[in-house]
Amino acid sequence: MPFSKVLTGSNNVVPLPFKPAALNGISERMIVSHHDNSYGGAVKNLNRTEQELTQINSDTAPFVVAGLRQSELTFRNSKTLHEAYFANLGGNGKRSGAIDKALAEAYGTSARWEEHFRATGNGLGGGSGWAILELELLTGDLRTTWSGNHTQTLATAVPLLVLDMYEHAYQMDFGAAAARYIDAFFANINWDEVNHRLERALAASKVLRG
Ligand SMILES: [Fe+2]
């Protein structure tokens, strides 16, 4: 069988894929706290939610099931997006390769896309959420999307570049100066990882579009 068991409550915390002291302008203290407390907490809560979900049956109150399903979606998406966020950091911030060309085709220039993405991130500053560059599988289009919480991402899309705009991602180093955090984020993007994601997403999109 090609399918793994679900609701095992055994999701693991993926370690940071770079040396936490190596980021440029984002402190070790903040990125470790973000990883261990915010992301680690989401994985722990996802496991607890899955364990609770294994107990539901036809007698379970519908509002209990609904609450657990909402928690499951929140914590699973938090896990997925945090892992994508950490994995697209640790680079030198220099954009190149297929993603640079693709962004120029989709947005006029690659710099114009960066303007869109930064503005989207700044639109979340002081609030919380995610700014995401995604490839929509059913159209093959590159979309810059906004998510006010963990459960509002674009359906049938693969995240290519993920920016965490929850205050825990920047408050400790930058206070309320969200724009300075976005500068630091861009300085640390690992574009090789984004190119790798683009390649896999395009292959999947091609299959879906026939
Ligand atoms: Fe976060």
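User: Why is H168 called partly exposed?

Analyst: In this predicted model, where local features need pLDDT of at least 70, side-chain atom pairs count only at pLDDT 80 or more, while totals for chains, interfaces and linings use all residues. Residues are numbered from 1 along each chain as its sequence is written, and side-chain values use heavy atoms, with hydrogens and water left out. H168 has a relative accessible area of 31%, and because buried means under 20%, exposed over 50% and partly exposed in between (1.4 Å probe, protein chains only), H168 is partly exposed.

User: What makes D164 buried or exposed?

Analyst: The relative accessibility of D164 is 0%, so D164 counts as buried.

User: Which residues are the protein donors of the iron ion?

Analyst: They are H34 (NE2), H82 (NE2), D164 (OD) and H168 (NE2), lying 1.8 to 2.2 Å from the iron ion; donors are N, O and S atoms within 2.8 Å of the metal (3.2 Å for Na, K and Ca), and since water is not among the atoms, sites may look incomplete. Along the sequence, the spacing of these donor residues is H-x47-H-x81-D-x3-H.

User: Why is the arrangement around the iron ion called irregular?

Analyst: The four donor atoms subtend angles of 84 to 130°. Four donors count as tetrahedral if all angles lie between 85 and 135 degrees; four count as square planar and six as octahedral if opposite donors are over 155 degrees apart and all others between 65 and 115; anything else is irregular. The range of 84 to 130° therefore makes this arrangement irregular.

User: How do you know how helix 3 and helix 4 are oriented to each other?

Analyst: The axes of helix 3 (residues 98-107) and helix 4 (residues 110-124) cross at roughly 80° and come within 7 Å, where axes are lines fitted to C-alpha atoms, for helices over the stretch in contact, and angles run from 0 to 180 degrees between N-to-C directions. Angles under 35 degrees count as roughly parallel, over 145 as roughly antiparallel, 65 to 115 as roughly perpendicular and the rest as oblique, so the two helices are roughly perpendicular. Helix 3 brings D100, L103, A104 and Y107 to the contact, and helix 4 brings S110, R112, W113 and H116, with contact meaning heavy atoms within 4.5 Å.

User: Why is E105 called exposed?

Analyst: E105, which is found in helix 3, has a relative accessibility of 70% and therefore counts as exposed.

Definitions and conventions
Helices (H or I, at least four residues) and strands (E, at least two) are DSSP runs, numbered from the N terminus.
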